[in-house]
Amino acid sequence: MTISPKNIVITGGSSGIGAALAKHYSGTGIILHISGRNQARLTEVADQCRKLGATVYDVIVDVSNMDAMTNWFALICQQTGVPDLVVANAGIAGGSINANSPATIDDVATRDIMAINIAGVLNTLLPVIPRMVEQHHGQVAIISSLAGYRGMPSSPAYSASKVAVKAYGEALRPRLAPYGVNVNVVMPGFVKSRITDSNDFSMPMIMSADTAAGIIADGLKKNRARIAFPLPMAFAMWLVGVLPPGVIDPLLKRLPSKI
Ligand SMILES: NC(=O)c1ccc[n+]([C@@H]2O[C@H](COP(=O)([O-])OP(=O)(O)OC[C@H]3O[C@@H](n4cnc5c(N)ncnc54)[C@H](OP(=O)(O)O)[C@@H]3O)[C@@H](O)[C@H]2O)c1
């Protein structure tokens with residue numbers, strides 16, 4: 001089975017993976033709804049997608065704002081109908097622990113990560129899934145991370161948020177399939193973006209956002225349950241997730257923290 005969406009929603013379309021996906025899907029006959037918080041970046045991406053032939057609706061909306069997201073999806077459905085594909089991509093990383101004082105947990109950063117990376121995904125999916133079920137048609141992609149195979153001491157809040165959305169997507173997939181709605185969990189390794197630009201440690205097998213977008217779109221087209229890449233990193237992180245804590249914790253403790 002291959003899927004070719006025409007009416008697509010991408011949260012966090014103003015940079016990185018979201019922007020690359022928006023450009024990847026752009027073309028004649030494609031309707032794109034993209035969101036973000038930074039007007040200048042969002043407008044630039046929207047203009048690039050229009051030049052590629054897409055009809056673009058760009059909206060400033062914070063994914064952590066439930067009411068704003070509900071209203072946005074009501075507007076989308078009114079403007080262009082129920083989307084074929086929704087990509088819950090918007091996310092933030094870092095800052096939940098203090099690298100100089102590892103016992104210090106940054107309360108605000110931790111709550112922000114949970115509000116955007118978990119509640120933001122719910123605010124993206126919950127308004128649209130009932131509409132997709134009603135139409136017996138639709139696809140939702142959840143952008144988790146290879147960090148979502150396990151809680152990581154280097155990024156407790158971030159990894160926990162990605163574990164949560166991975167599990168949520170995996171749980172929804174078989175429940176929604178009989179109703180014509182496909183759910184895919186995307187688990188990228190290191191991708192060049194604003195999130196990784198601030199990292200001062202080595203990032204094995206890092207790839208461009210355009211390459212990542214191609215891999216993600218291909219996996220979504222084939223309706224893969226889990227789109228985890230690059231494969232060697234995906235295997236390593238899967239292994240990290242299944243090894244007993246007594247074996248893996250001493251190794252994970254040595255990884256650099258995401259600030
Ligand atoms: N880069 C990686 O190595 C990597 C690896 C695995 C998973 N991921 C995941 O991929 C997704 C995209 O990240 P990225 O790497 O492309 O980083 P990025 O370049 O920083 O892009 C993040 C996007 O999310 C948007 N965003 C952040 N908070 C938001 C909020 N509260 N409301 C609405 N939009 C918000 C940003 O928009 P504004 O800037 O306009 O606010 C931006 O468009 C994230 O979920 C991230 O966790 C990234």
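# Notebook: a walk through a predicted model

**Entry 1, M114.** I started with M114, which counts as partly exposed because 18 C-beta neighbours lie inside 10 Å. The cut-offs I used: 20 or more other C-beta atoms within 10 Å of a residue's own make it buried, 12 or fewer make it exposed, and partly exposed is in between, with C-beta atoms placed from the backbone. This is a predicted model, in which local features need pLDDT of at least 70 and side-chain atom pairs count only at pLDDT 80 or more, while totals for chains, interfaces and linings use all residues. Residues are numbered from 1 along each chain as its sequence is written.

I found M114 in helix 4. Helices (H or I, at least four residues) and strands (E, at least two) are DSSP runs, numbered from the N terminus. Setting aside neighbours within four places in sequence, I listed A119, A157 and S161 as contacts of M114; a contact puts the two C-beta atoms, placed from the backbone, within 7 Å. I also checked I3: it sits 111 residues from M114 in sequence and 31 Å away, C-alpha to C-alpha.

In what order do the seven strands of the open sheet run? I read 3-2-1-4-7-8-9, with parallel pairing. Two strands pair if DSSP finds at least two bridges between them. Strands of a sheet pair through backbone hydrogen bonds, either parallel or antiparallel. At the edges I noted strand 3 (55-60) and strand 9 (226-229), each pairing on one side only. From one strand to the next, the twist averages 15°.

I then looked at single pairs. Strand 1 (residues 7-10) runs parallel to strand 2, joined by four bridges, and I10 stands opposite I34 of strand 2. Strand 8 (residues 181-188) also pairs with strand 9 in the parallel sense, over four bridges; here V185 has R226 as its bridge partner.

Is strand 2 mostly covered or mostly open? I found it mostly covered, with six of its six residues buried. I31, H33 and S35 point one way, L32, I34 and G36 the other. Helix 2 (residues 39-51) lies across strand 2 (31-36) and strand 3, and runs at about 175° to strand 3. Such angles run from 0 to 180 degrees between N-to-C directions, and axes are lines fitted to C-alpha atoms, for helices over the stretch in contact.

Next I looked at helix 1 (residues 16-25) and helix 8 (residues 209-221), which pack at about 60° with their axes 8 Å apart. Among the residues making the contact are G16, I17 and Y25 of helix 1 and A209, D210 and A217 of helix 8.

How many residues surround the ligand? I counted 33, the closest being G12, G16, G36, G91 and S193. To be near, a residue needs its C-beta atom, placed from the backbone, within 6 Å. Helix 1, strand 2, helix 2, helix 4 (107-125) and helix 7 (194-197) each give two or more residues to this shell.

Last, I visited A99, in the loop between strand 5 (97-98) and strand 6 (101-105). A99 is partly exposed because 13 other C-beta atoms lie within 10 Å.
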